[in-house]
Amino acid sequence: MKIQSLEDLRAISRKTGKAIYHPDAVKVNIGMASCGLAAGAQATHDRAKAEFGNDTGIMICQTGCLGFCEQEPLVEIMAPGKPRVIYKNITEDKIADAVNDYRSGAFEKKKWILGQMKNPVGITETDVSDPQAGLTPLEDVPVLEEIPFYGKQVKIALRNCGYINPDAIEEYIARGGYQALMKALKEMKPAAIIDEVKTSGLRGRGGGGFPAGTKWATCAKHHGTRSIICNADEGDPGAYMDRSILEGDPHSVIEGMLIAGVAIGSSRGFIYVRNEYPLAVKRLVTAIKQAESLGLLGDNIAGTDFCFHIKISTGAGAFVCGESTALMASLEGKVGRPRAKYVHTVEKGFRDNPTNLNNVETYANVPPIVLKGGAWYAGMGTADSKGTKVFSLCGKINNTGLVEVPMGVSLRDIVFELGGGVPKKKRFKAVQTGGPSGGCIPEAYLDLPVDFQRLAEVGSIMGSGGMIVMDQDTCMVDVARYFLDFLKEESCGQCNPCREGIKQMLGILTDICAGKGKDGDIELLEELGTMVQGFSLCGLGTAAPNPVMTTIRYFRDEYEAHIRDRKCPAGVCKALFHYEIDPEACTGCGVCAKKCPQDAIAGEKKKPHLLDPDKCIKCGICYDACKFDAIAIR
């Protein structure tokens, strides 16, 4: 079947939507994105198949990530006339009990339940009625949106992740998929599409934050074989927003690229994916083949003159290839090195032709903007930063995972409400936004609204959306050293300011952490950082000093303690601290002695223990194991 019209899409939507939302049997959706698989979802799926594979009353299915990675594997179970229930941490030993618990209706495993889900209609029109209508909800089980992690979220880019099978184009269509493409093709002029994107205020979500509509309009002005490129080379440590979208909803990105192709007048698209994302590549390949089979990709799409083909290219893991010109060089088969941007890629990009490059999240936002209008999207967010943004929460935080919130939500809400705060009742110290080139923001700015401008004001960046939370046990000097070490290795080495400047800054930081710092080092770091920011060729270099500059700005006392007092207040830099046992706090429980890998701790039961400094390797195991704060850092 080749789809020719909106009615063809709605016919599929009605048929498939019934199967999704009104299954004739018990349907078990297992989260099978990378986060779920890492937590054991494959074993859960295999056990479910072994237990219920021959039961015609049970369907075992896969879906993407619902965002709450801390609770993976997540399993959604639904059945005719029953609520949709999300079970958490369902490893292979629990799946049979969870399914039987749901089928029995007794719900004796309530401690396994994360919440119950309303009909996930999302932001697009569907032809399927609400299966929850008239159902009696489970008592003492919150609706998903009532859980703090989901409470402030507004899912646009993540609208389908965790709700559909990413390998089934029919399920994407049942959620309103490809209706925006049909509207763009048959009801709108290219200029009108660009105007809607401009009206929306959508800015690039890959780090630069350039207005997408302006970029599209500029690219459309220039003559040549125009190209659409999707940047999926997500290289920031701790960032996995793009990966999750590609693994859970690849068609949203394909549809966004198609609409960009219509608007700009392009017939070719490229998706540049980092090689470390094999599952994302696999699901993209499947999605492209399915779209081609239905006539939604390829030649004469939906019976029109519009033709669009997509190719996938995998990167070799170079962080610098996330920069647009380096990415295009790599796509051309050259060494992935940036070039000076006195000529923009929208004029001369891929193979010296006009090229529009956006990242995964940016393209995923396009279909709902076309369907619901730019003004709808612009109604969310702040004056300069419209819509929503996806953030990955990781580090010292209770609720690791992906959250999508309107721009302008405060750091405090993200870290403490959605993220659940810092584990083990430890004190929050800082949050780094924007990946390794982002700044470290202290507690004093927790009420800062998160948008492009406000983050820049405090010395950080939005980046692609990574957020790394740090607690009281984090050494900010060591954090700066760690990220600079990463950036030194990832520098392409083309320009002196980046190549030599980062190297020199790293050397100074390494000496400070090793107890070899000296007076004037802080000022020298600031001077070098200013030079690297001002004269580097590309964004990697100009942003590289951010971790150093912000940690000096907000945690200068830690630098001074390392240099002048030869102490690391957080107890991280091994040359600058030692552990002691406080005899007043020690209860003699013996836990530290049992866990010490060097047998450096000894003592009688219920009496204060002693730590032999000659045997201690400062691994921190005793410090983490002690429940009585008896291990002191000196």
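The structure is a predicted model, in which local features need pLDDT of at least 70 and side-chain atom pairs count only at pLDDT 80 or more, while totals for chains, interfaces and linings use all residues. Residues are numbered from 1 along each chain as its sequence is written, and side-chain values use heavy atoms, with hydrogens and water left out.

E1 belongs to an open sheet of five strands with the order E2-E1-E3-E4-E5 and mixed pairing. Helices (H or I, at least four residues) and strands (E, at least two) are DSSP runs numbered from the N terminus, and two strands pair if DSSP finds at least two bridges between them. The edges of this sheet are strand E2 (58-63) and strand E5 (113-117), each of which pairs on one side only. On average, and with direction ignored, neighbouring strands of the sheet are turned by 20 degrees against each other. Axes are lines fitted to C-alpha atoms, for helices over the stretch in contact, and angles run from 0 to 180 degrees between N-to-C directions.

Strands of a sheet pair through backbone hydrogen bonds, either parallel or antiparallel. E1 pairs with E2 in the parallel sense over six bridges, and Val28 stands opposite Ile60 in E2. With E3, E1 pairs in the antiparallel sense over four bridges; the bridge partner of Val28 in E3 is Ile77. Strand E3 (residues 75-78) in turn pairs with strand E4 (residues 84-87) in the antiparallel sense, over three bridges. Val75 has Tyr87 in E4 as its bridge partner. Helix H3 (residues 41-52) packs on the sheet and touches strand E1 (26-31), E2 and E3, and its direction makes about 165 degrees with that of E2. Contact means heavy atoms within 4.5 Å.

A further open sheet has five strands in the order E11-E10-E14-E12-E13, again with mixed pairing. Strand E11 (401-406) and strand E13 (440-442) stand at the edges with a single partner strand each, so one side of each is left without a neighbour in the sheet. From one strand to the next, the twist averages 30 degrees. E10 and E11 run antiparallel and are joined by six bridges, with Val390 opposite Glu404 in E11. These two strands, E10 and E11, form a hairpin with five residues between them. Six of the six residues of E11 are buried, so E11 is largely enclosed by the rest of the structure.

Helix H16 (residues 411-418) lies across strand E10 (388-395), E11, E12, E13 and strand E14 (466-471), and runs at about 115 degrees to E12. Helix H22 (residues 546-564) lies across E12 and E13, at about 35 degrees to E13.

Ala157 is found in the loop between helix H5 (148-151) and helix H6 (169-174). This residue, Ala157, is buried, with a relative accessible area of 0%. Leaving aside neighbours within four places in sequence, Ala157 is in contact with Ile245, Glu361, Ala364, Asn365, Val390 and Glu404. Ala157 and Leu393 are 236 residues apart along the chain, and their C-alpha atoms are separated by 16 Å.

The axes of helix H9 (residues 212-221) and helix H11 (residues 250-264) come within 9 Å and cross at roughly 45 degrees. That angle makes H9 oblique to H11; angles under 35 degrees count as roughly parallel, over 145 as roughly antiparallel, 65 to 115 as roughly perpendicular and the rest as oblique. Trp216, Cys219 and Ala220 in H9 meet Ala260, Ala263 and Ile264 in H11. By class, this contact has six nonpolar, no polar and no charged residues. Ala, Val, Leu, Ile, Met, Phe, Trp, Tyr, Cys and Pro count as nonpolar, Asp, Glu, Lys and Arg as charged, and the others, Gly among them, as polar.

Terms used:
Buried means under 20% relative accessible area, exposed over 50%, partly exposed in between (1.4 Å probe, protein chains only).
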